[in-house]
Amino acid sequence: SYPMRPLRWLPALALSVLVAAPAAAQSFQEEVAIDLRAVGEKYVSLAQAMPVDAYDWRPGEGVRSVSEVFMHIAAANMGLPANFMQVMPPAGYAQDWFGSAEQIADKAEIVGHLETAFEHVAATIEGLTDEQLTTSVNVFGRETTWLGAVLLIQTHSHEHLGQAIAYARTNGVVPPWSM
């Protein structure tokens, strides 16, 4: 039998449960927006960490360069909400911008576009109602809903972050958040 000991640890346990408990449940839209903003911060910090002379590096012929990957995701995060949800991009981003976005190679300009694009797509998704998520839409020839489009945008952002990380590491750049 074990001797009875005072439960001195009980207040600490109770406090740790209170501190660890989430404040309030987030909606799906809020959770995705939080995730996209965090992913956007990673893109921006990686774009800033990459040396200018690595921006034209590509792993092989016919494959996007570093700058093209960054601009591909910026253009997608502005263009996909416009195409799928009729949410126009911020002022200054005309529809013809998307077709030539990958040609932008200036580091500071790319960083600015990444910041704007991730905030735009996060705010767009955050502003969607539950009812809108069930709205039908054709996404690249496939019938789905706005929810399906949101998931495509989110996974697309993560997919190309992995590509950008591989490009960075190949060029001797350690992602700033993993140091």
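## Briefing: salt bridges, core and helices

Arg37 and Glu126 form a salt bridge, with their closest N and O atoms 3.1 Å apart. The pair links distant parts of the chain, since Arg37 sits in helix H2 and Glu126 in helix H5, 89 residues away. The model is predicted. Its chain has seven helices and two strands, in the order α-α-α-α-α-α-β-β-α.

**Salt bridges**

- The count comes to three salt bridges.
- Glu119 also meets Arg37 in a salt bridge, at 2.8 Å from N to O. Glu119 lies in helix H5 and Arg37 in helix H2, so this pair ties together parts 82 residues apart in sequence.
- Arg37 is partly exposed, at 24% relative accessible area. Glu119 is partly exposed at 39%, and Glu126 is partly exposed at 36%.
- Glu68 forms a salt bridge with Arg58, the closest N and O atoms being 3.0 Å apart. Glu68 lies in helix H3 and Arg58 in the loop between H2 and H3, so the pair joins parts ten residues apart in sequence.
- Glu68 counts as buried because its relative accessibility is 19%, under the 20% cut-off. Arg58 is partly exposed, at 34%.

**Nonpolar core**

- The largest nonpolar core holds 47 residues. Leu36, Tyr43, Met50, Phe70, Met85 and Leu114 have the most contacts inside it.
- Elements giving two or more residues to this core are H2, helix H3 (66-85), H5, strand S1 (136-139) and helix H7 (146-170). H3 supplies the largest share, twelve residues.
- Beyond its neighbours within four places in sequence, Leu114 is in contact with Tyr43, Val44, Ala47, Phe70, Ile73 and Ala74.

- H5 (residues 107-126) has 20 residues and reaches 28 Å from first C-alpha to last, close to the expected 28 Å.
- Buried residues in H5 include Ile110, Leu114, Phe118 and Ile125, along with His113 and His120.
- H7 has 25 residues and spans 36 Å between its first and last C-alpha, close to the 36 Å expected. Just after H7, Gly172 takes a positive phi of about 80°.

**Whole chain**

- Of the chain's 179 residues, 40% count as buried.
- The accessible surface is about 10,200 Å², with 59% belonging to carbon and sulfur atoms.
- Among contacts with a separation of 6 or more, 71% join residues 24 or more positions apart.

**Confidence**

- The chain averages a pLDDT of 86, and 83% of the residues score at least 70.
- Confidence is highest in helix H2 (residues 28-49), at a mean of 97, and lowest in helix H1 (residues 10-20), at 50.
- Where pLDDT is low, the predicted coordinates should not be read in detail.

Definitions and conventions:
Residues are numbered from 1 along each chain as its sequence is written. This is a predicted model: local features need pLDDT of at least 70, side-chain atom pairs count only at pLDDT 80 or more; totals for chains, interfaces and linings use all residues. Side-chain values use heavy atoms; hydrogens and water are left out. pLDDT is the predictor's confidence in each residue, from 0 to 100. Helices (H or I, at least four residues) and strands (E, at least two) are DSSP runs, numbered from the N terminus. The expected span of a helix is 1.5 Å times one less than its number of residues. Buried means under 20% relative accessible area, exposed over 50%, partly exposed in between (1.4 Å probe, protein chains only). A nonpolar core is a set of buried Ala, Val, Leu, Ile, Met, Phe, Trp, Tyr and Cys residues joined through side-chain atoms within 4.5 Å. Contact means heavy atoms within 4.5 Å. Accessible areas come from the Shrake-Rupley method with a 1.4 Å probe; for residues, only the protein chains shown count as cover. A salt bridge is a side-chain nitrogen of Lys or Arg within 4 Å of a carboxyl oxygen of Asp or Glu.
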